[in-house]
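Here is a short briefing on one protein chain. Look at the sequence and the 3D view first, then work through the points below.

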Amino acid sequence: MLVGYNTNISYKGTVYHVQTEDSGLKNPHIITLLYDKGTILSRKKVSYATIAAAPDYKEKVREMMKEQHKVMIKELIAGKHTRDATVSQPAPEPAAKVSVQPPLPSAQPALPAEESTAEPESDKKQTTKSLDDILLDYLMKEEDK
């Protein structure tokens with residue numbers, strides 16, 4: 001079982017909580033919940049049974065957890081799980097305050113942080129990411145610390 005993610009997001013005056021957790025190898029699912037004052041507004045559940053036997057399954061599950069967590073945050077900010085969902089016109093992307101809480105303590109020992117090796121600038125691949133993706137990646141990295 002991997003340590004999950006917990007993020008509080010203030011959107012249009014309401015603080016929402018996004019929680020993503022791993023159910024462990026006996027029940028290989030990643031579950032993400034969106035809360036408003038203790039009420040579950042949305043739930044996403046994905047099985048990773050097909051990769052559970054892979055030697056690098058932990059890295060793959062960690063990446064799946066991050067992505068599922070980010071998707072829920074993006075959907076919230078887009079108004080999908082709020083009263084904004086009934087609006088027929090697409091609204092401009094609102095600014096959202098994000099408050100990141102450290103992950104809950106786990107009984108498992110923490111994995112060592114990955115060391116990055118610097119690549120020459122010419123060897124790096126160019127990728128195009130939206131500002132939302134860049135900010136969410138940053139927040140997810142901060143939670144890993």
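Two residues are in contact when heavy atoms of theirs lie within 4.5 Å. With that rule, A52 is in contact with L25 and Y57, leaving aside its neighbours within four places in sequence. Keep in mind that this is a predicted model.

- A52 sits in a loop. That loop runs between strand β4 (39–47) and helix α1 (57–77).
- Is A52 buried, partly exposed or exposed? Its relative accessibility is 22%, so A52 counts as partly exposed. The cut-off that matters here is 20%, because buried means under that value.
- A52 and G24 are 28 residues apart along the chain. Their C-alpha atoms are separated by 9.5 Å.

**A salt bridge between strand and helix**

- Side chains of opposite charge can pair when their charged atoms come close.
- K44 and E75 form a salt bridge. Their closest N and O atoms are 3.1 Å apart.
- This pair links distant parts of the chain.
- K44 has a relative accessible area of 22%, so K44 is partly exposed. E75 has a relative accessibility of 14%, so E75 counts as buried.

- Which residues do shared partners join into one network? They are K44, E75 and K80.
- K80 is partly exposed, because its relative accessible area is 48%. Exposed would need a value over 50%.

- E67 and K70 meet in a salt bridge through their side chains. The N to O distance is 3.8 Å.
- Where do the two residues lie? Both are in helix α1, three residues apart. That spacing is about one turn of the helix.
- E67 is partly exposed, with a relative accessible area of 37%. K70 counts as buried, because its relative accessibility is 9%.

How values were computed:
Residues numbered from 1 in each chain as written. Predicted model: local features only at pLDDT ≥ 70, side-chain atom pairs only at ≥ 80, totals over all residues. Heavy atoms only, no water. Helix = DSSP H or I, 4+ residues; strand = E, 2+ residues; numbered from the N terminus. Buried < 20%, exposed > 50% of the residue type's maximum accessible area, 1.4 Å probe, protein only. Salt bridge = Lys/Arg side-chain N within 4 Å of Asp/Glu carboxyl O.
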